[in-house]
Amino acid sequence: EETFEQDRTITHLPQKFDCLRHVPGYKDFMVERFKRCLDLYLVPRALKQRMNVDPESLLPKLPSPKDLRPFPTHISVSYEGHSGMVRAVAVEASGRYLATASSDETLRIWEVATGRPIRSIKFSSAVTAVAWNPQHLLLSVAAEENVFFLDPGLELQASSDISTEDGTETPVTISSLLEFKEAAKPADGEENEEPTAAKAKAVHWRQVLADTPQYAAGCRLCISTDGDVQHLVWHHKGNYCAAVSPKARATSNQCIIHALNQQKSMRPFAKLRGGQQVQSCAFHPSKPHFMVATMRSVRIYDLQKQAQVKQLISGAKWISSVTVHPTGDHVVVGSYDRRVVWWDLDFASKPYKTLQYHDKAVRCAVFHPGKFPLLAACSDDATVSILHAKVFSDLMQSPMIVPVKRLRDHMVNQGFGVLACAWHPHQPWLFTAGSDGRAYLWA
């Protein structure tokens with residue numbers, strides 16, 4: 001008892017009992033057992049290493065959208081007048097005229113800056129695709145199971161703009177381009193297919209007769225198609241126009257290249273391996289290459305050697321559109337399973353990036369054809385996403401892809417949203433065509 005409390009070897013005074021039965025219960029037994037349990041559950045034996053990571057530092061450093069201007073943000077001009085869905089939209093090479101194709105069976109030509117309708121051309125069935133020739137003021141239009149080459153009659157206002165390539169030759173007039181040339185009789189060795197068969201009909205050029213309403217509207221040449229043409233695209237030199245009809249009965253007619261000057265048509269693909277439908281196509285901006293998008297992959301063909309150069313595997317279930325970057329080294333497709341897939345052609349055939357910004361099918365993805373590093377993707381959720389997509393000339397540097405804006409002003413109609421979009425050739429302006437019957441210019 002004389003020792004200090006901290007120096008004692010035992011905490012209690014020893015007591016003597018006669019036998020073990022006389023030893024009383026320990027009064028602090030329950031409290032100590034409880035504290036021991038608390039220790040066991042509150043103090044785990046393993047030392048946990050806690051990482052102090054700032055969640056912000058895990059995200060990639062993206063530049064602010066303010067630094068990535070210009071890109072379209074709001075509606076500048078609205079082109080109203082269609083009563084059905086606007087299926088396709090095309091901008092003329094100088095950027096002054098816009099053509100819209102609609103399921104209300106009309107093709108309308110508008111003045112871009114003012115939204116003034118210049119022409120409305122009526123067909124007997126829905127107009128499914130339209131494209132301007134990049135060199136001349138003429139259109140290719142798909143309607144009535146035909147591809148029409150159409151002179152919209154705007155040449156008087158633009159005759160001063162048509163420049164010749166070497167400055168010596170006389171400018172080609174549209175009427176001379178669209179004059180019907182009688183097909184040469186085939187030589188004895190060649191097979192002469194009867195143009196009545198559906199397969200041969202698709203490469204048979206005809207003159208639009210002068211007493212028909214189509215002739216009055218400006219159509220001069222027509223080619224019957226095998227099924228509806230969903231996509232038309234011109235080569236940048238303005239002589240070749242490729243037409244895609246996915247539902248063609250003969251597989252060789254799914255993708256046909258029409259040569260305007262010779263008035264001949266070529267079917268590059270007798271049959272596609274894998275039996276997949278052709279969905280879309282594009283010409284390479286500088287090489288003689290032709291991209292064909294089937295449902296699951298993109299094939300690149302060399303048109304001079306007539307051989308396949310590369311096949312790009314997308315991982316998407318159903319591709320909707322294909323676009324090539326102006327440098328020609330990057331290909332992007334939109335797909336109906338909400339993805340946008342980007343390939344770098346210098347690398348493997350696997351995608352460089354797969355982007356998913358939309359809740360519904362991506363109808364169309366398209367690069368800006370000029371100097372602006374912009375990519376637009378429009379979708380059935382009635383929105384358009386604008387991406388800043390800068391491709392560096394330094395090959396070691398990866399492309400910078402930053403989403404900068406969502407454009408939402410279209411309405412969803414019968415489950416469809418924005419069906420097509422196209423960039424202005426020289427300005428950072430976007431044209432969109434919606435299933436609500438409206439076309440907008442975003443600036």
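What is the volume of the largest cavity? The largest cavity has a volume of about 70 Å³.

## Basis of the model

This is a predicted model, in which local features need pLDDT of at least 70, side-chain atom pairs count only at pLDDT 80 or more, and totals for chains, interfaces and linings use all residues. Residues are numbered from 1 along each chain as its sequence is written, and side-chain values use heavy atoms, with hydrogens and water left out.

A cavity is a set of points, on a 1 Å grid over the protein atoms alone, where a 1.4 Å probe fits but cannot get out; lining residues have an atom within 4 Å of a point. Grid points are joined across faces, edges and corners, and a volume is the space filled by probe spheres set on the points.

Residues lining the largest cavity include Ala202, Asp226, Asn253 and His258. Strands S12 (240-244) and S13 (255-259) each give two or more residues to this lining; strands are DSSP runs (E, at least two residues) and helices likewise (H or I, at least four), numbered from the N terminus.

The second largest cavity holds about 40 Å³ of space, and its lining includes Ser125, Glu144, Asn146 and Asp228.

## Backbone features

Arg69 and Pro70 are joined by a cis peptide bond, with omega about 0°. Pro70 lies in the loop between helix H2 (55-58) and strand S1 (75-80).

Ala382 has a positive phi, near 65°, and is located in the loop between strands S24 (374-379) and S25 (384-390).

Terms used
On a 1 Å grid over the protein atoms alone, a cavity is a set of points where a 1.4 Å probe fits but cannot get out, and a pocket is an open set with protein on both sides within 12 Å along at least five of seven lines; lining residues have an atom within 4 Å of a point.
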